[in-house]
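Welcome! Please take a look at the sequence and the 3D picture below, and keep both at hand while you read.

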Amino acid sequence: MDEPMAYVALAPCGCVKLATVDTPERADVNAREIAACIKAGYAIERVTCAWVRQHYRCICDVCRPAKRTTPVEQEVMEL
């Protein structure tokens, strides 16, 4: 069986922001999701699902959520 294809939305830094499998059943949903990603400024590419499994992660400090310090960690840092 052939590897399924997917659409990915890529941020300018290269991080994958969305991945959706390209199937006939999802055509309407994919069209809306991809249109929203284009409007948000993301680049769209069609890749294999294997590519998605290998690359679906944030690779930069801009896209990764900032680490939050707990009150205890904050108290220790102030000592």
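Here is a short briefing, from the whole chain down to single residues.

This is a predicted model, in which local features need pLDDT of at least 70, side-chain atom pairs count only at pLDDT 80 or more, and totals for chains, interfaces and linings use all residues. Residues are numbered from 1 along each chain as its sequence is written, and side-chain values use heavy atoms, with hydrogens and water left out. The chain has three helices and three strands; helices (H or I, at least four residues) and strands (E, at least two) are DSSP runs, numbered from the N terminus. Along the sequence they come in the pattern β-β-α-β-α-α.

**The chain as a whole**

- Of the 79 residues, 22% count as buried, where buried means under 20% relative accessible area, exposed means over 50%, and partly exposed lies in between (1.4 Å probe, protein chains only).
- Among contacts with a separation of 6 or more, 63% join residues 24 or more positions apart; a contact means heavy atoms within 4.5 Å.

**The sheet**

- The three strands make an open sheet in the order β2-β1-β3, with antiparallel pairing; two strands pair if DSSP finds at least two bridges between them.
- At the edges sit β2 (16-21) and β3 (43-48), each of which pairs on one side only.
- Neighbouring strands of this sheet are turned by 25° against each other on average, direction ignored; axes are lines fitted to C-alpha atoms, for helices over the stretch in contact, and angles run from 0 to 180 degrees between N-to-C directions.
- Strand β1 (residues 5-10) pairs with β2 over five bridges, and β1 pairs with β3 over six bridges.
- To follow the pairing by eye, find Y7, whose bridge partner in β2 is T20, then V8, whose partner there is A19.
- A9 stands opposite L18 in β2, while L10 stands opposite A43 in β3.
- In a regular strand, the side chains alternate between the two faces of the sheet.
- The hairpin of β1 and β2 has five residues between the strands, and G14 in this hairpin takes a positive phi near 105°.

**Helix α1**

- Helix α1 (residues 27-39) lies across β1, β2 and β3, and runs at about 165° to β2.
- How far apart should the ends of α1 be? At 1.5 Å a residue, its 13 residues should span 18 Å, and the end C-alpha atoms are 18 Å apart, which agrees; the expected span is 1.5 Å times one less than the number of residues.
- Which residues of α1 are buried? They are N30, I34 and C37.
- These three cover an arc of only 60° around the axis, so they are on the same side of α1; the arc is that of the directions from the helix axis to the C-beta atoms.
- The buried residues of α1 pack against β1, β2 and β3.
- On the other side of α1, D28, R32 and K39 are exposed.
- Just after α1, G41 takes a positive phi of about 95°.

- Is A11 buried or exposed? A11, in the loop between β1 and β2, is buried, with a relative accessible area of 8%.
- Leaving aside its neighbours within four places in sequence, A11 is in contact with K17, Y42 and C63.
- A11 and C58 are 47 residues apart in sequence, and their C-alpha atoms are 9.7 Å apart in space.
- D2 is found in the segment before β1, and D2 is exposed, with a relative accessible area of 68%.
- D2 and T48 are 46 residues apart along the chain, and 9.6 Å separates their C-alpha atoms.
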